[in-house]
Number of protein chains: 2
Amino acid sequence: MKGIRQLAEHLDISIGTVSRALNGKKDVNEDTRRRVLEAAERLGYVANQSGRALRKGSTGVIGFMMQTGHEITGQGDTFFMSVFDGVQTVFARHGLDLVALLCSSEEDPDAYLERVVARGFADGIMLSATRRVDHRFTLLDRRKIPFVSLGRSLTDVGQPFIDLDFEGMATRVMTRLATRGHRRIAVLRPHDDLNLGHVFLERCRAVLAEHGLVLEDDLIFNAAPNEAGGYRIGQDLARHSNRPSAIVVLNDGSVTGLFHGLEAAGLTPGKDIAVIGLHSPQARYLSPRLTCFDLSLRDLGIALAETLLASMPAYAALYPNAAHRQLWPMTLIDGDSG
Amino acid sequence: MKGIRQLAEHLDISIGTVSRALNGKKDVNEDTRRRVLEAAERLGYVANQSGRALRKGSTGVIGFMMQTGHEITGQGDTFFMSVFDGVQTVFARHGLDLVALLCSSEEDPDAYLERVVARGFADGIMLSATRRVDHRFTLLDRRKIPFVSLGRSLTDVGQPFIDLDFEGMATRVMTRLATRGHRRIAVLRPHDDLNLGHVFLERCRAVLAEHGLVLEDDLIFNAAPNEAGGYRIGQDLARHSNRPSAIVVLNDGSVTGLFHGLEAAGLTPGKDIAVIGLHSPQARYLSPRLTCFDLSLRDLGIALAETLLASMPAYAALYPNAAHRQLWPMTLIDGDSG
């Protein structure tokens, strides 16, 4: 792959002339123009888009940063891809390309984003997996790069965000379980510093207190957000000396594993222990039917893209009604598991 | 976001001096260096990585082009994310970042890749969803961009590839079904021009011929590679006037839908109709247990990454034993469905 400099050296013509020839400027004579185009084809010339981008202020690319890794996406992903489906329908209107920035869980997300920013290939960034304190917001704000986040953080630089309404979910699920007589209620959350776990637990505690209940520390389980993580918790619950009568599962990837872990230990969800989770394609055919919170991931992606574009000068006028900050509601689907 | 030119103009210093200050060169006096770094911080300076890349010949990014879209990844993806898991473990050794180039099914893949190449932000490309005739190989070859493809094509520019061994799968599955007395065997494949469908059907025909059987045209079903696509075929089979006794499903996304479509119509897989498919996380808990072909997607990702690196001058010496072209074997897992 050759750049304009190598092309100019090869032809022994100035870079300026080569550039004018490539860009079809009239002040280059026809012979020169043909020589340049032929050499460009033969040598595999590639325009330095980032240089062009700095001049035009636009690369046409939006990056969506997501966490990957053996435990997280090693068995696939049924969340982000569905969100991307919505994001891409919006970006298609403007000829914007979406690229997924895959940040391995082995990596420091801040350092990763620093690298992405240094490459300068994206006009805007979408963040996910927001942490309690998240330096990525500060970085992008300081670098004046438009961004939106899927998720909140204590770090606040005035960034636009959309987050799932975990408070609403906590209120409904804990009220439901408490009024149905459950006294010992467990929560299964991802084992990391994601902000959503804190938000959810805090509201759960407040709602349970209204019913004279507490969320016991030994009933807060952490697991990898996957099948195996859920399975292990199912087995742990079965062996628990003072087993809770209900568990709320905060990540969609571990619900099927939990069901199978419980079943393998002879426990039936909805009979021996109430299980309430988040919807996922895998959860669709669980038996008994999963009581769960659901949302349209495609619509979420659409809203996320529109919120980002509303923060970018080139598109803002087209999205006057896009929310700057929004909690996305979830619907409770009644099943037989809790 | 500011570039070096704006920074130099703002400070009224030459670009060369600003560049030397930013890069910590010794010939810039301390005061100037501090002024430059302060202004860079304040104005949100972003290095033009692509310019740097042209000089160093390396961006540190590898792009993996995959097809997305409502019908394809709208319900998530359990294939590519698992492959990425393997790819990233190899790239991590070299500090290479993997980005997923999400090409919407509404887009012409050739035009999409042209844009990606013009941006010049990747050192190498990994292709998937290879078509019968695929111009992307020609494009990358002409531009001298290292690449590997997951999948074959009639288009041959000497590219390295790894493809699943669909011939081996066809041989084993058709031999199994024919020797078990099946005479009318159906195939469900994705409804597009992917190369794998052609390769698979061709071998199926040859194997069936050895048993004095033919693959009837009306038993070749096409469906979107998802739950709904499989469900519809299940219903179609139930209504079929001369129903086949077996069906082989070539995409992992539609097997669970097919099971549920058959069941909704009162047919039991493995009893009323044999079903053999590809393994997927969703298929794991199907009842009756799915007879299927399985492979380690993570190991496939590792091999794919090593094959790509073996074709890149900077890494070739480290991967002397990487296969240039390889058919990846699949294991038949005996279930109860066929």
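The model is a predicted one, in which local features need pLDDT of at least 70 and side-chain atom pairs count only at pLDDT 80 or more, while totals for chains, interfaces and linings use all residues; side-chain values use heavy atoms, with hydrogens and water left out. Residues are numbered from 1 along each chain as its sequence is written, and chains are lettered from A and ligands numbered from 1 in the order in which they are written.

Chain A contains 13 helices and 12 strands, taken as DSSP runs numbered from the N terminus (helices H or I, at least four residues; strands E, at least two). With a radius of gyration of 26 Å, well over the 20 Å that the globule rule gives for 338 residues, chain A is more spread out than a compact globule; the radius is taken over C-alpha atoms, and the rule is 2.2 Å times the number of residues to the power 0.38. The C-alpha trace of chain A spans about 85 × 40 × 30 Å along its principal axes. Of the 338 residues of chain A, 57% count as buried (under 20% relative accessible area; exposed is over 50%, and partly exposed in between, with a 1.4 Å probe and protein chains only).

The cysteines come next. A disulfide is a covalent bond between the sulfur atoms of two cysteines; here it is taken as a pair of cysteine sulfur atoms within 2.5 Å. A search of the whole structure finds 0 disulfides over all chains. For Cys204(B), the nearest cysteine sulfur is that of Cys292(B), 17 Å away. Cys204(B) is buried at 0% relative accessibility, and Cys292(B) is buried at 3%.

Some backbone features lie in loops. In chain A, the peptide bond from Ser287(A) to Pro288(A) is cis, with omega near -5°, and Pro288(A) sits in the loop between β9 (274-278) and β10 (291-294). In chain B, the bond from Ser287(B) to Pro288(B) is cis, with omega near -5°.

Asp12(B) belongs to the loop between α1 (4-11) and α2 (15-22) and is exposed, with a relative accessible area of 73%. Lys144(B), in the loop between α8 (135-142) and β4 (147-150), is partly exposed at 49%.
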